[in-house]
Amino acid sequence: MVRVTQTQSSETTSRSPEFRLVQVALGGLRQELFHDAFAYRPLPRMDVNSGPTRRLPERIRVYLGLLPHAIVGFLAFVVFLMGAERINGAFGPAALVLSLVPPAVVLATLIRPVLAYWASLCSTPFLAFIGGYWGGWPWTENVFAAHLVVLTVVAARTGPRTAGWMWAGTAGYALFAEMFLGVGRGSDSVPMLFVSALALLTVTVIQVRRQATREVTAQQTVTAQEISKRTVLEERTTIARELHDVVAHHMSVVAIQAEAAPYRVENPPPELEQAFLTIRENAVAALTELRRILGVVRAEDYEAPDAPQPTLGDLDALVRNVTEAGLDVGKTVTGAVRELPPGVELSAYRIVQEALSNVLRHAPGAAAKVEVSYVLGGLGLRIANGPARGLVKPSPGAGHGITGMRERVTMLGGEMTAEATADGGYEVAAFIPVSREETVSREESVE
């Protein structure tokens, strides 16, 4: 048994590529035209919710979805009229069969497309003999038209491979009819094969184009999602790098103060010394863990900044900098100015910085205004600009600015909107909540 299996395996591997190609082709023929021959596949309604049809009224779109069915029905009626005209008013079973069978086969493509092809091909020789007095050979005029409609509709409902096999079957029948059935008769096989080849080629090109469009659209969607995810991850990494200096500074201060505190009290109790020792150990451990985690997200070429991270107190310098770059900026501060947590100050500065950079890139020559509002529950930011002015063309960036600003606001539990204004400008508004306890503790630590 093992020897037989090994022999069969060696024979399979030794077969030529041409044999395997023929085997695959015959397998496709069996699957496309024999296995699914009796499959019930009703023609679906046309999609009216996309493309130009989506703008039509709802009551019209309901019926417009049946447009493919109406087209097939109209073609079947045309085939019936051709048959009725060809028999020239004759009555009897032969005339009824010749005039009714072809349109019935066309209508069958609405529910069983592959079976309709076989019905059209197999009924052709019988209809040719019946219509010998009224039509051509091996297709009468109405059968000729019906078979073309069947080939086109079935090809549109299946695929290019099925279209190729149907044309090959039609060519095989035409050759058989010429060699064995129609000796001495005139033939319309060449026009049939030529016209059907053009029709099937047109349908195939349209299908391939649509498939390529769908694949490109799907790939663009996946690419856009991947870019969005990568942008979010890069921005979070940047935020982590920037906050490292702020958090590390405060953790270092906690560790130093916890170590020095027992020496400021004469004869401190052992419990107090142990408590400060525990505080210092936890602060050092947290600082070590913070640096270790930051090392994971930090790029190899990243260098920590030498200067302290900016705060809202540095907005004046930022405004002067962008003004020198040619941007007319006005700054307004409302509410009681107070010192906020370092993360809030840093993120607020970066949001204003990125928003003004966007104005420089997307709306050159426009006037901008920055509003900073210190309210009871947090900090409000508003950066607005008018439409672009002058001859300088916009220079769009990578489109990551809005994503970065939104990530910063989301990290702090705030809300942000970024949208175009009625005058053609743009506005970025954000609110970052800051609890009263955070502000009080911050002020007490400074004192």
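The dialogue below goes from the whole chain to single helices and then to the sheet.

Trainee: Where do we begin, and how many helices and strands are there in the chain?

Mentor: Begin with the kind of model: this one is predicted. The secondary structure of the chain comes to 14 helices and five strands. Of the 447 residues in the chain, 34% are buried. Among the contacts with a separation of 6 or more, 72% are between residues 24 or more positions apart.

Trainee: Where does α5 bend?

Mentor: The bend is at Leu100 and amounts to about 25°. A proline, Pro102, follows within four residues.

Trainee: Which residues of α5 are buried, and what covers them?

Mentor: The buried residues include Ala95, Leu98, Ser99 and Pro102. Pro103, Val105 and Val106 of α5 are buried as well. Their cover includes α4 (67–87), α6 (113–130) and α7 (141–157).

Trainee: How do I describe two helices that pack together?

Mentor: Two numbers do it: the angle between the axes and the distance between them. For α5 and α7, the angle is about 10° and the axes are 9 Å apart. That makes α5 roughly parallel to α7, since angles under 35 degrees count as roughly parallel. On the α5 side, the contact is made by Leu98, Ser99, Pro102, Val105 and Val106. On the α7 side, Asn142, Val143, Ala146, Val149 and Val150 take part.

Trainee: At what angle do α6 and helix α8 pack?

Mentor: Helix α8 (residues 160–181) packs with α6 at about 5°, with the axes 11 Å apart. The two helices are therefore roughly parallel to each other. Tyr117, Leu121, Thr124 and Pro125 in α6 meet Trp165, Met166, Gly169, Thr170 and Tyr173 in α8.

Trainee: Now the sheet. What is the order of its strands?

Mentor: The order is β1-β2-β3-β5-β4, in an open sheet of five strands with mixed pairing. At the edges stand β1 (328–335) and β4 (415–420), each with a single partner strand, so one side of each has no neighbour in the sheet. On average, neighbouring strands are turned by 10° against each other, direction ignored.

Trainee: In what sense does β3 pair with β2 and with β5?

Mentor: β2 and β3 pair in the antiparallel sense over eight bridges. A hairpin of two residues joins β2 to β3, and Lys369 stands opposite Ala384 in β3. Strand β3 (residues 378–385) also pairs with strand β5 (residues 426–433) in the antiparallel sense, over eight bridges. In β5, Pro433 is the bridge partner of Gly378, and Val428 is the bridge partner of Ile383.

Trainee: Is β3 mostly covered or mostly uncovered?

Mentor: In a regular strand, side chains alternate between the two faces of the sheet. Here β3 is mostly covered, with seven of its eight residues buried.

Trainee: Which helices lie across the strands?

Mentor: Helix α12 (residues 342–362) lies across β1, β2 (367–375), β3 and β5, and runs at about 5° to β3. Helix α13 (residues 401–411) lies across β4 and β5, running at about 155° to β4.

Definitions and conventions. Residues numbered from 1 in each chain as written. Predicted model: local features only at pLDDT ≥ 70, side-chain atom pairs only at ≥ 80, totals over all residues. Heavy atoms only, no water. Bend = angle between axes of the 7 residues up to and from the residue. Buried < 20%, exposed > 50% of the residue type's maximum accessible area, 1.4 Å probe, protein only. Contact = heavy atoms within 4.5 Å. Pairing = 2+ DSSP bridges. Axes fitted to C-alpha atoms, helices over the stretch in contact; angles between N-to-C directions. Parallel < 35°, antiparallel > 145°, perpendicular 65-115°, else oblique.
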